[in-house]
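These are my notebook entries on one protein model. I record what I looked up, entry by entry.

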Amino acid sequence: MRFRKVILPLLGILFAGLLLAGCGNGNTASNGSSAGTTKNDTTQTAQQASSGIPKNQPVARVYAQLSPSVVQVNVREIQQTPFGPQSAQGIGSGVIYRSDGYIITAAHVVQGAQSVNVAFADGSIAKAQVVGRDTYDDIAVLKVNRNNLPAATFSNDKNLKVGEWAVAIGSPSGFQSTVTFGVVSGTNRSIPSRYTGGVQVPSLTGLIQTDAAISPGNSGGALANIKGEVIGINEAYLPPGQTGAENIGFAIPARVATSVANQIIDNGRVVHPYLGVYTVDLTPSIAKRFGISVDHGAIIVKVAKNSPAQSAGFKRMDVITQVGSHEIADTGDLVAALRNYKPGETVKVTVVRGGSKQTISVQLGQRPSGSSS
């Protein structure tokens, strides 16, 4: 039943056309550092596994190097049904983050989990503890009681090239250690709100788009470059029946995943910057209707009380077009841009108000649970 764990509730509640591929900044050495791309002894061992594969088989080399670091995440939970509580099982994927037992997966994979175990590429299974989940970025960290695990190498590269090769490894529909490959189809993608019930979901912004096949069970698995470095954590795909297009998959950038994972491991929670505005995408039709001089951006429909935005003087109907050096074409861009800052930092935000542009300096706060951007 359960590699549809996330698909069913999302279709019924929020995501009309988007399917999370779950059930149904830098590499970390043992100290959890996220600076740059680093390697450790277990990664060197994984690289040795690919040494006997010809160089003209690059995908096979990536698979040999990285597959020992990708696990299957098996979830058991109790779901409330019209017939009472029912036991359900789900399957997702994960990537070994640190050799001392920490594993990154997608938060929706372990949502509501009563118990979790991890199946390793060598066939062994271990019970896992959910260290923490960040639903805002949809990243979770698991911990198994093992050492000397083959930790993957995570890339902090912000300059992925569209068209470079991409390799996905995970457990689609429970087929463990399945590899698919394609290219990086786009970067800094946001999944349009028309696929999410009109709501811009923070975890579905700033994504890597790929045509490497992503399917149910791939969530939490690895998207890698041709060097075998993890560039993203697989997240979701758009089904052809909804879009008319094949192989539109998405991954959370590795730098986001590792930043979140480090905070969970070190502090037990994740801190997000907070501006305090509720926005919708500005479209040409909305701009024409309200006489707005630009036809793209994030238009503020409400300013939260006692928020940094209110203190800085943001107003309803302001159109945010730039945050720092980041151009804002829609609400997804705004959410993604704020990820580049920390609570307490001051950032310059460009808005269009009454036909003229102005720049507002605002000191970001800490995002309260369940709040706006």
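I began with burial: a residue is called buried under 20% relative accessible area, exposed over 50%, and partly exposed in between, with a 1.4 Å probe and protein chains only. I note that the model is predicted, so local features need pLDDT of at least 70 and side-chain atom pairs count only at pLDDT 80 or more, while totals for chains, interfaces and linings use all residues. Residues are numbered from 1 along each chain as its sequence is written, and side-chain values use heavy atoms, with hydrogens and water left out.

Entry: overall make-up.
I found eight helices and 21 strands in the protein; these are DSSP runs numbered from the N terminus (helices H or I, at least four residues; strands E, at least two). Of the 373 residues, 53% are buried. I recorded an accessible surface of about 16,100 Å², with 48% of it belonging to carbon and sulfur atoms (Shrake-Rupley method, 1.4 Å probe; for residues, only the protein chains shown count as cover).

Entry: nonpolar cores.
I looked up the cores, which are sets of buried Ala, Val, Leu, Ile, Met, Phe, Trp, Tyr and Cys residues joined through side-chain atoms within 4.5 Å. The largest has 37 residues, and L66, F154, I191, V230 and I233 have the most contacts inside it. Among the elements giving two or more residues to this core are α3 (58–66), β12 (230–238) and α5 (254–267). Helix α5 contributes the most, namely seven residues. Another core, of 20 residues, lies apart from it and includes I300 and L338.

Entry: aromatic pairs.
I searched the whole structure and found two aromatic pairs. Rings of Phe, Tyr and Trp (its six-membered ring) pair if their centres lie within 6.5 Å; planes under 30 degrees apart are stacked, over 60 edge-to-face, and the rest tilted. Y97 and F154 are edge-to-face, at 5.3 Å centre to centre and 90° between the planes. Their positions are 57 residues apart, Y97 in the loop between β3 (84–96) and β4, F154 in the loop between β7 and β8. Both Y97 and F154 are buried. W165 and F181 form a tilted pair, because their ring centres are 5.9 Å apart and their planes at 45°. This pair joins strand β8 to strand β9, and so ties together parts 16 residues apart in sequence. W165 is partly exposed, at 39% relative accessible area.

Entry: salt bridges.
I counted four salt bridges in the structure, each a side-chain nitrogen of Lys or Arg within 4 Å of a carboxyl oxygen of Asp or Glu. The side chains of R339 and D137 form one of them (2.7 Å, N to O). R339 lies in the loop between α8 (331–338) and β19 (346–353) and D137 in the loop between β6 (125–134) and β7, so the bridge links parts 202 residues apart in sequence. R339 is partly exposed at 25% relative accessibility, whereas D137 is buried at 3%. D318 and R353 also meet in a salt bridge (2.7 Å, N to O). D318 is buried, at 1% relative accessibility, and R353 is partly exposed, with a relative accessible area of 21%.

Entry: backbone angles.
Most residues other than glycine have a negative phi. I noted that M317, not a glycine, has a positive phi of about 80°. M317 lies in the loop between α7 (308–312) and β17 (319–323).
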